[in-house]
Amino acid sequence: ARELGIVVSNQPGRTAPIVAEHAFGLMFAVAKRAAFMTSAMKAGRWPRMDSVYLQGKTLGVIGTGNIGSEMARLGRAIGMHVIAWTFHASTARAAQLGVEYVELDTLLRTADVVSLHLKLTNDSRALIGRRAFGIMKPGTILINCARGEIVDTEALIEALDSGHLAGAGIDVYDQEPTSMEHPLLGCEQVVLTPHCADMTPEGVDRLNDGAVENVIAFIEGRPQNVVS
């Protein structure tokens, strides 16, 4: 597109509150064992299993852009202690968001919930793999509403099957759409959604409006949200 002089525009942050709310919902669904208990009851069982009380726990937000910063706000709203890591941390940004920036290993070692909100780049691909899961304390919950390739799926499944992770809430995958043979579908303590975090009526309206606004701006000779 650059070589042909074609303007490319995106819609940064337009559905950030909607995606963050979805991630927040996944966190609750995993913590309260909702999918596991629903499946057990449908199978005629009456399970007794400890769920996770989230107030007072530590939420580790990886990536503090539009979505990650909203996830941090939601975490604070229910009384979670929020720590964060990003590639470009700053004191000013920490004060603005009301979070404490820490080193990545510190976050992984400390957080009760690790929530991913990075874009996929060569630096973030497979950022969460065997080493990262090994650093996480037993009973950690992982939430991924960013991109599937940020997590090493094989390592995630090992961490789930071993019981090291308490569970995972996943909206994005290394293969989309997933096949019936995808190994995550065989894990018990997972809540899975099909890359639909912003697919609410409000989210669709915001995306459609943003596309129209970008087109109008281009036609009027003032391109906006241009991807460099």
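On a 1 Å grid over the protein atoms alone, a cavity is a set of points where a 1.4 Å probe fits but cannot get out. Grid points are joined across faces, edges and corners, and a volume is the space filled by probe spheres set on the points. The structure holds 2 cavities of 30 Å³ or more. The model is predicted: local features need pLDDT of at least 70, side-chain atom pairs count only at pLDDT 80 or more, and totals for chains, interfaces and linings use all residues. Residues are numbered from 1 along each chain as its sequence is written, and side-chain values use heavy atoms, without hydrogens and water.

The volume of the second largest cavity is about 40 Å³. A29, V30, R33, A34, A35, F36, E188, Q189, V190 and V191 form its lining. Two or more residues each come from α1 (16-31), α2 (34-42) and β7 (190-192). These elements are DSSP runs numbered from the N terminus: helices (H or I) of at least four residues, strands (E) of at least two. α2 gives the largest share, 3 residues.

Helix α1 also packs on helix α3 (residues 66-77), at an angle of about 50° and with axes 8 Å apart. Axes are lines fitted to C-alpha atoms over the stretch in contact, and angles run from 0 to 180 degrees between N-to-C directions.

Conventions
1 Å grid on protein atoms, 1.4 Å probe; cavity = no way out; pocket = protein on both sides within 12 Å on 5 of 7 lines; lining within 4 Å.
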